[in-house]
Every structure is written in structure tokens, then in C-alpha cells.
Amino acid sequence: MAASVSCHYFSSPLTTSTKSIKPKLNYSHFAPSLSKGSIRHFVPLCSSQRSLPSESECQDKEKDWFLSLKKCAAAVALSVSLITGLPGSQWLSPAHASTPALPDVSVLISGPPIKDPGALLRYALPIDNKAIREVQKPLEDITDSLKIAGVKALDSVERNTRQASRALKEGKTLIVSGVAKSKTDHAIELLNKLEAGLGELQQIVEDRNRDAVAPKQKELLNYVGGVEEDMVDGFPYEVPEEYQNMPLLKGRATVDMKVKVKDNPNLEECVFRIVLDGYNAPVTAGNFIDLVERHFYDGMDIQRADGFVVQTGDPEGPAEGFIDPSTEKTRTIPLEIMVVGEKAPFYGETLEDLGLYKAQTRLPFNAFGTMAMAREEFENNSASSQVFWLLKESELTPSNANILDGRYAVFGYVTENEDFLADLKVGDVIESIQVVSGLDNLVNPSYKIAG
């Protein structure tokens, strides 16, 4: 695994903190879409030149929306008000004012969503091995244990550690049996490191060294994630025939995006590590990696940064996406949504179109720095090169109870330095995006074709 990277700062006499506070989000600034100048309101931004609706039109639609919500339970109404932030007319479009599909109350108030990008990626793997999940869960619960003040947190961490150690001891045989045959040696090596690391974590707890817990937890979860990836034996399904010749990421890949930050005395540049998930979005992730290898994004400005999303990918000139030199036409990709319980993604239709109002997406918009494709608001298959990263407090928009899940194709998460996305401004420059690992999972790479 490549060495981790960090952001670079200039010292400031006014503050010793290098972490930004995430801004409160105005959910009326919703939609990334495609548009020149103002970058498309996605409904994630791609760029259309249509005018915004009048204030009276928005008010009428909002009125209809909230009247329909009165039929729901009070808890649902409260959840929806948090989700939408009572949007105003500045960015609201007719599509956004329409009544959203709402899951059952139990989904809306079932508890806080998983926000950690690493955990989301682990649970998104196409595996079914209860034994390794029973090791993973208590290790992830350490995050909640550390919310307890002072060294009292260590008592809870100790319980988590003992539970994970017991689950590993009792389930090791089942875990190894679930690993792909060609990856058994690697998985056993990781399990041995995990076992030793759990002993080290126990010693950290006994030494009452609270500050050392989180780094060790991250290390152990990386081992768990590595074992889980070793359980995937090949690509688990066939991509539909009409997309089989497109660049496809059949697995995962990691990229580093280096951004030059302007007009910020405390932050000069930052490198964001992003994990792209081709198991759940092979067409979307493959298209992006192919563009990365073409250096399409190198030197491109950040084009939208409004507290709700950071977006880029709109090239200079009239085109709103990547012009394939072999065809001299804009290359577009289909909407691609993987649902929990399905073996392959749905293509070309939102979950609302499909009537799957209660379905849960495998890659939800939970984490700060969730990465997805921008597209035209009313054209599901119009995505090309414009991408966005979501900035939000996920408690306010739980999985499958917001206006993004099931409508826009998530294909990865920022796993390092994601908090600093909130510091980016329009005009900051992407110096480079480089593939760190997983390029061998890309099939049909068009960047290798001359012209």
C-alpha cells in the first residue's frame, strides 16, 4: 500500500488548528448538474443553460410538497424538514420541488448512518462471511466508544477489543475458508497481523493510552478490509452487453488527487486519497479512471464549491463532457446504481423510476466526501466527466431518505483528508490525479488507443 499523504500548511499566528470546521449546509443548494459558468445543478451540476424558475413557481411547488408531507407521521415530517432544510428559491428547480419518494418511518429514524468511508467500503464488498463481520463490527464500534470523555472510554474500548479477539479466535477457520484460493496465503498473513495487533491494542488499553487507540484501530481495520477483499474471487457479475466495450473497473482502484489551493494563508496544497469501487459501479469508475489516465483533470479548476458540493470536470469550450477523439463525440455513461440484495447494478433508471422506494443503495451518500457523477437533471444517461464530492452532515440526510441516493451514481469515497474538501474554493487547481493502485483492474482502457 502506498504511503499516506497529508496536506501542507503555512503556520498562522491566529490559530494552531489545521482542521476546518465543516460548514452548515443549505440544502436548497442541492443539485449538482452540468452547466457552463454556474456548473450544472446536478441535480448534481453538469451544465444546462436553462433559467431558474420564478420565486412564485417555487413557492407553489413547495406548498404542494409540504401539504403532501402532512399525511406522514410527525417524525417523518421532522426528518424531511431536516433533510431538505426547507429549501428556498435560489437554487430550487421544478424537479427538486416535487414530492420525494419517502421510505418507511422505520428507515428514517432507525439510527445514525455509517459515516466512515472505510466502513462503507468494507460493507460494500460482494462477500457474505459472518465470521469476519463479527470481527469487524466491534473494531468499528471503538469509534463510538471513544466519544466517552476521558480515560473512561478505555473501559468500553477494552470490551470491544476482547469481543473482536474472541470472534477472531472462534471464527478464524470459517474466515480462511471464505477466502479465494489464490489469495489464501495473503489473507492468513493479514489475519496473523490482526491477531498480533489486537494484543497490542489490549496493551494500549491497559497502559491507559487513549491517544494511541484510534491509530491502532485504523491499522486493524485495514487488515480486516484486506482479508475481506481477499474473499472476492473474480468479478461477480456480467456487465450488460451494451456497456461491455466501455472502460470498466472490475475491482477497486485508489487515486491521489493533488489540489493547489489559492487565497488560503493556512493551506497551500492538499492531497486527497480516493478509493473507487468498481464492484458496485464498474462503468462509472472505469470511465473516471480512463479519464485520469488521459490526464483529463490535470490543471483543471475546481468549478463549484458552495458548502454542499465540490465539483469539477467541465472542460473548456462548448462541450460539457469528455470528447472522445476517436469518435469526436461526447462520451456519456449510463446511470449506474447498485442496490443491497441485488447481484448487479441497475442501469439507466433511478430507483424512483423503478418503484424501489425502500431499496438501499450499496454505496450511499453517507460519508463526507462521497464521490459521484454529475449529470443533466432530466437525462439519466448524460454523465460524462463532471464529478462531485458531497459535503454534508449525514445525520440530517440518512441513507435512502434523501434526494441523492438512488438518483446519482456514487463510485467512491475520499478516505484521507476528506475534511479539507470544505476548504476548497472555485478557482483552486487540480494539479494532478494519479492512480496509486488497481490500474490492472481497468479493462477496455480507451486511453491506450491512439487518437
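Leaving aside residues up to four places away in sequence, R122 touches D116, R133, Q136, E140, L221, G225 and E228. The model described here is predicted. R122 itself lies in helix α5, which covers residues 117-123. Its relative accessibility is 9%, so R122 counts as buried, the cut-off for that class being under 20%.

**Helices α6 and α9**

Two packed helices are described by the angle between their axes and the distance between the axes. Helix α6 spans residues 130-145 and helix α9 spans residues 213-230; their axes come within 10 Å and cross at roughly 155°. Because of this angle, α6 is roughly antiparallel to α9, as angles over 145 degrees are classed that way. The crossing in which α6 passes α9 is left-handed.

On the α6 side, the contact is made by I132, R133, V135, Q136, L139, E140, I142 and T143. The α9 side contributes V213, Q217, L220, L221, V224, V227 and E228. By type, the residues of this contact are nine nonpolar, three polar and three charged. R133, Q136, E140, L221 and E228, which take part in the contact between the two helices, are also among the residues touched by R122.

**A buried asparagine**

N417 is found in the loop between β14 (410-416) and β15 (429-437). With a relative accessible area of 17%, N417 is buried. The side chain of N417 reaches the backbone oxygen of V271 at 2.8 Å.

| Residue | Relative accessible area |
|---|---|
| R122 | 9% |
| N417 | 17% |

Conventions:
Residues numbered from 1 in each chain as written. Predicted model: local features only at pLDDT ≥ 70, side-chain atom pairs only at ≥ 80, totals over all residues. Heavy atoms only, no water. Helix = DSSP H or I, 4+ residues; strand = E, 2+ residues; numbered from the N terminus. Buried < 20%, exposed > 50% of the residue type's maximum accessible area, 1.4 Å probe, protein only. Contact = heavy atoms within 4.5 Å. Axes fitted to C-alpha atoms, helices over the stretch in contact; angles between N-to-C directions. Parallel < 35°, antiparallel > 145°, perpendicular 65-115°, else oblique. Left-handed = near helix turned anticlockwise from the far one by under 90°. Nonpolar A, V, L, I, M, F, W, Y, C, P; charged D, E, K, R; others polar. Polar contact = N/O pair within 3.5 Å; in protein donor to acceptor, adjacent residues only side chain to side chain.
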